[in-house]
Amino acid sequence: MQLFVQQVVLGLLIGGVYVAVAIGFSLVWGILNIVNLAHGALVIVGAYLTWLLFARARIDPFAALPIVAVALFAFGYALQRALINRVIRAPLFFTLLLTFGVNLMIVNALLVVFKSDFRSVTPSYSGSGFGVAGVQVPYIRLAALGVAVAVAAGVGGLLNRTRTGAAIQAVGADREAARLVGIDLRHVYALTFAVAAACAGVAGGLISTIQAITPTAGEPYTLQAFVVVVLGGLGRVGATVVGGLVFGLVETLGQTMVPGLGAGWANAIAFAILVLVLIVRPQGLMGRVA
Amino acid sequence: MMGGTTRFTGVVSLAAVLVLACGGAAGGGTAATTTGEDLVIGAPMSLTGSQSKEGALARQGYDMWLQWINQQGGINVKGVKHRVQLKYEDDTSKADISAQLAQKLITEEKAQFLLGPYGSATTASDAVVAEKNSIPMVEGNGAAQAIFNQGYKYVFGVLSPANVYLSGVLDMAATLRPKPATVAMLAADDNFSQEVAKAVVDYAPSKGFQVVYSDKYPNGSTNLSGLVANAKARNPDIVLNSGHLQEAIAIHKAAKDLKLDAKLSAYSVGPSTPDFIVALGKDANYVFDGSQWTPQVKSTASFYLSSQDYVAAYKKQFNTQDDPDYHVAESTAACLALQKAIENAGSLKPDKVRDALAALNVSTFFGQIRFDSRGINTFKPMVVEQIQDGKHHTVWPANVADATPQYPTPSWSGR
């Protein structure tokens, strides 16, 4: 029982990281209709920035998150205006091709700058935590979950409570109508992408504290973000939160709780659930019916 | 006119060299050398992808030999020196791509010999290509016995096979007091890691250990805390991992998160690299690993450099304070085996070099290089390293050790 509770806690904690990764991915997909294959690379850019600030300036990784977010926001805005905007109305295949290319460029730029050395942010409190009845809760992972939920709430608030958010949602709903009422489409596109990149940067900062990073470590996160968004349902921040936590739980429990099945089956179980959700609830666990 | 003059001068000087060479050979009786065509050697390598760090280390090992051999004027084949061109292709750490690139190196780049890629999975798929084309491949980074159990004739591995990677750790553990009793084994699902794990599970009982937990996870996983929680629930004295650097770091971080206080932790791949210490800081202390080679290994090198000179040359060439880890050394050793076999064969013909490789028995800084009938080096022992105060020390076997094992590992809360 104690082990089961521990596994559930671990699953929810890692789920928080998946939430943080998937929020930006979901935003770009939902509003711009782009499946951003460079999302994982943006996550790792955030991770390296956090590491740089920690290793060179001794800035605490959690204190570094706002700096990383601002930097990635600017980078995302420029990237969208300069490059991605050019294929914004092109068929899906072109956007996939372009974001895949951007992914390769970022990854290889990171390889040139940081080489393929493994880096990790290990502050003095790394690995410390508290125990309740034998169940360990590491502070860093708990804080990561907290940050992820805060980011989700922030993005949700931005979308639902502000004029900018209303403009973003309007563009997502009907870009022609949005243009007709005077919304500057290019600015809103770039803004959306910038917010997504900032979220990715924060996710990267969290990841740098819980695993080792390399320039290529972002690729699995693109896939995980995709699964989380499909699982939760596109178009709502709350859906992404549910999707991320469910995916984290399923992955961790699947790894360890099914007797006789090794962890090798964790992915199979996670994807089986994804297929099941697609059959039973094609709009995702929390998605709106289209 | 200028071109004609240059060509004429070239012919004259070539003739002069030939005359001198013949004269020298006839007169002095010493083997004077001439320079032949460049020798092209191909190597698919994990320059990007999940094993890019290990790939970069392997490449350093190849480049060290490359610089050295070309400073010597090249490989000496019956008095003709062939400078070496080493052609890399980035296999992105993927086995199928590695095999395609191995074929490309042979057919398009005209590679006469192959050096191995990094990792057992890529090596296994490149081995098929080498065998099919009858091109000798010498590798230093694929230790899975599955590569060598296929009856291949053209594939040679200079390193100790996977099944002995962690057996040294168990041998050592059996001598420690208080003697550890239980073992938990976490292994990646690639062929190399599985062979390491199977060997541990088979070997542990003979040393008086009980394997209380054994599970596998997908290669490259970063979320391993669930498995570590499972292992912790069995309260093992020894925690072993056979996997790769990324996973070793993930497991070690999770062990600290979950307060898994093992008396001894040993990981097959990872702790020997400088990155492990950089990424984990002082948490890296007390961790053991089975190592193909350490700078402390004493062996008499019949050619190339001694261990001591090798370390110095590495630091100079790559402008670093780090010692070369075993990935670097085993890669250089692969080059040395190929070089010696070509020299022994006195030929660049693939089948002659293949036979010379099969008969090879040389002593190098890396240890003895000699292949069994399958083509893997079962004649060189492994050593055990431990990270002590942020530095690598060789702790087993005792006759090469430069430090005694620090045991038992203090609990996470107590350090």
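Student: In which helix of chain A is A:Ile14 found?

Tutor: This is a predicted model, in which local features need pLDDT of at least 70, side-chain atom pairs count only at pLDDT 80 or more, and totals for chains, interfaces and linings use all residues. Residues are numbered from 1 along each chain as its sequence is written, while chains are lettered from A and ligands numbered from 1 in the order in which they are written. Helices (H or I, at least four residues) and strands (E, at least two) are DSSP runs, numbered from the N terminus. A:Ile14 belongs to helix 1, residues 2–32.

Student: Is A:Ile14 buried or exposed?

Tutor: A residue is buried if 20 or more other C-beta atoms lie within 10 Å of its own, exposed if 12 or fewer, and partly exposed in between, with C-beta atoms placed from the backbone. Because A:Ile14 has 25 other C-beta atoms within 10 Å, A:Ile14 is buried.

Student: Which residue of chain B does A:Ile14 touch?

Tutor: Two residues are in contact if their C-beta atoms, placed from the backbone, lie within 7 Å. Leaving out residues up to four places away in sequence, A:Ile14 touches A:Gly248 and A:Thr252 in chain A. Its partner in chain B is B:Asn223.

Student: Which helix of chain A gives the largest share of the side that touches chain B?

Tutor: The contact takes 31 residues from chain A and 34 residues from chain B. Helix 1, strand 2 (135–138) and helix 10 (237–256) of chain A each supply at least two residues of the chain A side. The largest share, five residues, comes from helix 1.

Student: What distance separates the centres of domain 1 and domain 2 of chain B?

Tutor: The contact between these domains takes 27 residues from domain 1 of chain B and 25 residues from domain 2 of chain B. Taken over C-alpha atoms, their centres are separated by 28 Å.

Conventions. Domain bounds come from an automatic or database domain assignment.
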